[in-house]
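Please keep the sequence and the model in view while working through the numbered points.

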Amino acid sequence: MVQEIVRTSIFDSKKIPISEWIEYLLHLFEFHSINSTAYDNRNSPTTGKYWLIKTFEVLKGIQDDVVLDGTVYLDETYFAKTKSKLATKDGKKLRGISRNKIGVGVACNETKSIFIVTGTSKPSRKSTKETYSKHIARGSILVHDDEHSHSILIEELELESKVYSTRETKGLSDKDNPLYPVNNLHLLLKQFIRNHGAYDREHLQDWLNLFWFIMNDPKDKYDKVLKFIEMAVLSPKRVRYRDAMSSKHSK
């Protein structure tokens, strides 16, 4: 039975020992790029990409049941679309938070966090509700900036609101900024994504799920690898090489 589960999981290769997967995951969880992870693990870049897609499959939906309570810090951050998909006006690139940006909702409390693609560039009440409402416990304290769309959460979840506008926080040191917990996650997420600069924007949520897994418990990297292997074996999924390496999953 155990052999059958392993055979139908992502660890289905008869030629590759589980020790190579452990080494691969340790590097991946340390913010290494896919190419450097493959090199250190003595695999080809193609194998590294294939294993990454397998990793994404195991982590799909991992944030679905996360609920933040107590004091919750919340703010959006943005990533640029690929150059080929940038919209222009009069031959010039759009400035500011435009449809050339992909919004990501980030929220955290003392112990947990979430990273969710918002589906829009500029937040709206609708997108804000869809992004956060099931991830924040009713009656929590919401610490946020002056983004007006957050009001839908305050109204519907009966949250206590603590607003710190960008005008108030501009120029403050990190330690003095009330939004530091979520701002720090923005910085770490940007660093993580920069290490994977060729990522496919259509699969940004998969990258966010991986980042979530890296940032949340367990903190010890070996415990984290063990947790991932247990997830992969207990909920076995297979990813065929031909499907994984088709053009739509090429990055």
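This is a predicted model: local features need pLDDT of at least 70, side-chain atom pairs count only at pLDDT 80 or more; totals for chains, interfaces and linings use all residues.

1. Thr128 counts as buried, because its relative accessibility is 2%; buried means under 20% relative accessible area, exposed over 50%, and partly exposed in between, with a 1.4 Å probe and protein chains only. Thr128 belongs to helix H5. Helices (H or I, at least four residues) and strands (E, at least two) are DSSP runs, numbered from the N terminus. Setting aside residues up to four places away in sequence, Thr128 touches Pro123, Ser133, Ser149, His150, Ile152 and Leu153, where contact means heavy atoms within 4.5 Å. Thr118 is ten residues from Thr128 in sequence, and their C-alpha atoms are 7.2 Å apart.

2. Residues are numbered from 1 along each chain as its sequence is written, and side-chain values use heavy atoms, with hydrogens and water left out.

3. Which residues of H5 are buried? In this helix (residues 125-132), they are Ser127, Thr128, Thr131 and Tyr132. Seen down the axis of H5, these buried residues fall within an arc of 105°, so they line one face of the helix; the arc is that of the directions from the helix axis to the C-beta atoms. The exposed residues Lys126 and Glu130 are on the face turned away from the buried side. The cover over the buried residues of H5 includes strands E1 (71-80), E4 (101-108) and E5 (113-117) and helix H6 (151-157).

4. For the chain as a whole, the secondary structure comes to eleven helices and seven strands. Of its 251 residues, 43% count as buried. Among contacts with a separation of 6 or more, 64% are between residues 24 or more positions apart.

5. The axes of helix H4 (residues 45-59) and helix H9 (residues 204-215) come within 9 Å and cross at roughly 75°. That makes H4 roughly perpendicular to H9; angles under 35 degrees count as roughly parallel, over 145 as roughly antiparallel, 65 to 115 as roughly perpendicular and the rest as oblique. Leu52, Thr55, Phe56 and Leu59 in H4 meet Asp206, Trp207, Asn209, Leu210 and Phe213 in H9.

6. Helix H2 (residues 18-28) also packs with H4, at an angle of about 80° and with the axes 12 Å apart. H2 and H4 are therefore roughly perpendicular to each other. On the H2 side the contact is made by Glu20, Trp21, Tyr24, Leu25 and Leu28, and on the H4 side by Gly48, Trp51, Leu52, Lys54 and Thr55.

7. Which residues have the most contacts inside the largest nonpolar core? They are Trp207 and Leu210, in a core of 58 residues. H9 supplies the largest share of this core, nine residues. A nonpolar core is a set of buried Ala, Val, Leu, Ile, Met, Phe, Trp, Tyr and Cys residues joined through side-chain atoms within 4.5 Å. Beyond its neighbours within four places in sequence, Leu210 is in contact with residues including Leu28, Phe29, Leu52 and Phe192.

8. Two backbone details deserve attention. Most residues other than glycine have a negative phi, and most peptide bonds are trans. Glu158, although not a glycine, has a positive phi of about 55°, and it lies in the loop between H6 and strand E7 (160-163). A cis peptide bond, with omega about 0°, joins Asp217 and Pro218. Pro218 is in the loop between H9 and helix H10 (221-234).

Key: Axes are lines fitted to C-alpha atoms, for helices over the stretch in contact, and angles run from 0 to 180 degrees between N-to-C directions.
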